[in-house]
Amino acid sequence: MIPAPFDYLTADSPRHAIELLARCGEDAKLLAGGHSLLPMMKLRLAAPSVLIDIGQLAELAGVRADGDELVIGAATCHADLAAAELVRTDAPLLAHAAAQVGDPQIRHRGTIGGSLAHADPAADLPMAVVALGGSVEILGPAGRRRLAAGDFFTGFFETSLGPGDLLTAVRVPRTPGAGWGYQKFTRRANDWAIVGAAAAGGRIALANMGPVPLRARAAERALAAGASPAQAAELAAEGTSPGEDMHADREYRQHLARVLTRRALEQQG
Ligand SMILES: Cc1cc2nc3c(=O)[nH]c(=O)nc-3n(C[C@H](O)[C@H](O)[C@H](O)COP(=O)(O)OP(=O)(O)OC[C@H]3O[C@@H](n4cnc5c(N)ncnc54)[C@H](O)[C@@H]3O)c2cc1C
């Protein structure tokens with residue numbers, strides 16, 4: 001459990017992080033909370049030659065309102081996201097999801113940007129941001145760009161981020177008072193979802209039902225056409241391709257997707 005040797009640099013600003021990434025080449029990795037990257041390095045599943053620490057950058061932390069959207073700095077930790085009054089009132093699903101991540105230690109170190117960039121399909125915040133119809137802001141060598149969350153996740157632990165890119169912020173719509181539902185099935189309290197389902201604004205997102213956080217499109221269409229939550233939820237596993245592991249086989253995950261989607265839709269009201 002000892003990582004391969006690496007150099008450690010700290011970035012003074014988002015631009016500086018981009019410059020360091022360009023200078024250090026493809027073997028460099030950004031370090032935010034370190035709660036996904038460091039375990040991978042200890043298991044030697046990742047062996048970056050340089051870590052560029054962005055965890056202390058004030059420009060990347062905090063939540064602010066921008067018109068009808070919330071803008072969440074990529075280095076905002078899960079605990080701050082869960083506690084932020086603006087998030088609790090204007091995007092309560094996101095605050096709730098952040099509070100479901102791991103345990104207090106993980107929530108005080110792990111960041112929303114790190115969670116999205118890591119792109120674990122079983123993770124809480126990618127599913128939440130997809131359910132909310134959010135988007136991400138990226139700063140790269142060619143400048144800034146913005147991507148819908150649904151286009152950001154491209155495969156199993158893969159995103160649209162290039163090796164020289166920094167995820168700077170996550171945007172979600174402000175919907176104070178709107179209903180939402182969030183269901184996470186775990187074996188132990190601080191685990192990743194065996195399956196998760198989140199519902200908001202006519203969207204239903206699923207965790208751990210495929211290589212990326214998926215939309216349950218057939219269930220969404222049924223709901224829009226007037227089906228009850230129970231009827232729509234029966235379609236939640238359509239088009240999904242969940243993996244199998246010691247916790248659940250494919251059929252059980254698809255069963256969970258239907259049950260959790262029904263509960264999320266009923267919770268949404
Ligand atoms: C025991 C344990 C339990 C956990 N339980 C859960 C859980 O229940 N649910 C859940 O969702 N997660 C869980 N996690 C994961 C946790 O949420 C991590 O904190 C998160 O996935 C990664 O965030 P980080 O800031 O620690 O990223 P890091 O580990 O620092 O980085 C992860 C990856 O993202 C890249 N990266 C980081 N920030 C950026 C950025 N701004 N721009 C571009 N790339 C970036 C890094 O280079 C690296 O490749 C758990 C982790 C542990 C160790």
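Helix H8 is followed by Gly133, whose phi is positive, near 70 degrees. Helices (H or I, at least four residues) and strands (E, at least two) are DSSP runs, numbered from the N terminus. The model is predicted, and local features need pLDDT of at least 70, side-chain atom pairs count only at pLDDT 80 or more, and totals for chains, interfaces and linings use all residues. Residues are numbered from 1 along each chain as its sequence is written, and side-chain values use heavy atoms, with hydrogens and water left out.

The buried residues of H8 are Asp124, Leu125, Pro126, Met127, Ala128, Val129, Val130 and Ala131.

Helix H5 (residues 92-99) packs with H8 at an angle of about 170 degrees, the two axes being 9 Å apart. Axes are lines fitted to C-alpha atoms, for helices over the stretch in contact, and angles run from 0 to 180 degrees between N-to-C directions. H5 and H8 are therefore roughly antiparallel to each other; angles under 35 degrees count as roughly parallel, over 145 as roughly antiparallel, 65 to 115 as roughly perpendicular and the rest as oblique. On the H5 side, Leu93, Leu94, Ala97 and Ala98 meet Asp124, Leu125, Ala128 and Val129 of H8, where contact means heavy atoms within 4.5 Å. The residues of this contact comprise 7 nonpolar, no polar and 1 charged. In this division, Ala, Val, Leu, Ile, Met, Phe, Trp, Tyr, Cys and Pro count as nonpolar, Asp, Glu, Lys and Arg as charged, and the others, Gly among them, as polar.

Asp124, which lies in H8, counts as buried at 5% relative accessibility. Its side chain is joined to that of Tyr182 by a polar contact of 2.6 Å. A polar contact is a pair of N or O atoms within 3.5 Å; within protein, one must be able to donate a hydrogen and the other to accept it, and residues adjacent in sequence count only if both atoms are side-chain atoms. Leaving aside neighbours within four places in sequence, Asp124 is in contact with Ala97, Gln100, Val101, Tyr182 and Lys184.

Strand E12 (residues 195-200) has 6 of its 6 residues buried, so this strand is largely enclosed by the rest of the structure. Val195, Ala197 and Ala199 point one way from E12, whereas Gly196, Ala198 and Ala200 point the other way. Strand E11 (residues 180-185) runs antiparallel to E12 and is joined to it by 6 bridges; two strands pair if DSSP finds at least two bridges between them. Within this pairing, Gly181 stands opposite Ala199. E12 also pairs with strand E13 (residues 203-207), in the antiparallel sense and over 5 bridges, and Ile204 in E13 is the bridge partner of Ala199. E12 and E13 form a hairpin with 2 residues between them, and Gly201 in the turn has a positive phi of about 55 degrees.

The loop between E13 and strand E14 (214-215) contains Asn208, which is buried, with a relative accessible area of 18%. A polar atom of the Asn208 side chain lies 3.2 Å from the backbone oxygen of Ile194. Not counting residues up to four places away in sequence, Asn208 touches Pro121, Ala122, Ala193, Ile194, Val195, Pro242 and Arg253.

Two open sheets were also examined. Strands of a sheet pair through backbone hydrogen bonds, either parallel or antiparallel. E1 and strand E3 (residues 50-53) pair over 4 bridges, with Asp7 opposite Val50 in E3.

Another open sheet consists of 5 strands in the order E4-E5-E10-E6-E7, with antiparallel pairing. Its edges are strand E4 (63-66) and strand E7 (143-148), each of which has a single partner strand, so one side of each lacks a neighbour in the sheet. Strand E5 (residues 69-73) pairs with strand E10 (residues 166-173) in the antiparallel sense over 5 bridges, and Ile72 stands opposite Val170 in E10.

How values were computed: Buried means under 20% relative accessible area, exposed over 50%, partly exposed in between (1.4 Å probe, protein chains only).
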